[in-house]
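Dear colleague,

Please find the structure below.

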Amino acid sequence: MPKEETNILKQLADGNEIVIQGLYTAVFPKVVSFILKNKGDRADAEDIFQKALLQLIARYKVKSFIIESSFEAYLFTVCKNLWRRELNKEKKRVTNDSIAELSREEDDMTMAALEQEKWELFQEKLNEISDNCKQLLQLFFQKTPYKKIVQKLGYSSDNVVRQRIFNCKSQLAKLIKKDPRYNDIKEL
């Protein structure tokens, strides 16, 4: 991790008010904007931002990790992932007359941190595959129709694109499974 990001993380964990205020000034408005555009409100943004900061502090104190981008970009990504997780939980929540036990906050934070580690491993391994595979998978993950992929990348048919996507996904999966961190963060 670049020294500057390590220093910011350490100061955040130490409760440095200037660093925390700086993060609120630089990153929080982006988080609010993202959450407002994605079925949330300002209170949701405040909760997510606070959870993200707590998650980063907890991870820093437990186990070192690498931030490949700027700290602000990393924090924003953590917030986006936490908000997406919240939206997915809302989809799964069913209301009826029976009492449902909600998960404890600590368990939720642990799962969010684990999901962030999985995302980081995925992103790292995605950067290790060929540029062609990377481009092809990014189009696939964006749900680009096969016909458009054929046109954009110059393949001969939809079937060739399907086969190439299958091969690229297999290659990516092998890279992920070979990494020693995979066994630590796969389904618990």
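α5 (71-92), α6 (105-126) and α10 (181-185) each contribute at least two residues to the lining of the largest pocket, and α6 gives the most, with seven residues. Helices here are DSSP runs (H or I, at least four residues), numbered from the N terminus. The model is predicted: local features need pLDDT of at least 70 and side-chain atom pairs pLDDT 80 or more, while totals for chains, interfaces and linings use all residues. Residues are numbered from 1 along each chain as its sequence is written, and side-chain values use heavy atoms, leaving out hydrogens and water.

The lining comprises 21 residues, with I66, E68, E120, L121 and E124 nearest the centre of the pocket. A pocket is an open set of points on a 1 Å grid over the protein atoms alone where a 1.4 Å probe fits, with protein on both sides within 12 Å along at least five of seven lines; lining residues have an atom within 4 Å of a point.

The largest nonpolar core has 28 residues, of which L12, L23, V31, F49, L56 and L75 touch the most other members. Such a core joins buried Ala, Val, Leu, Ile, Met, Phe, Trp, Tyr and Cys residues through side-chain atoms within 4.5 Å, buried being under 20% relative accessible area (1.4 Å probe, protein chains only). To this core α5 gives the most, with eight residues. Apart from it lies another core, of 16 residues, including I129, I149, I165 and L172.

Kind regards

Key
Buried means under 20% relative accessible area, exposed over 50%, partly exposed in between (1.4 Å probe, protein chains only).
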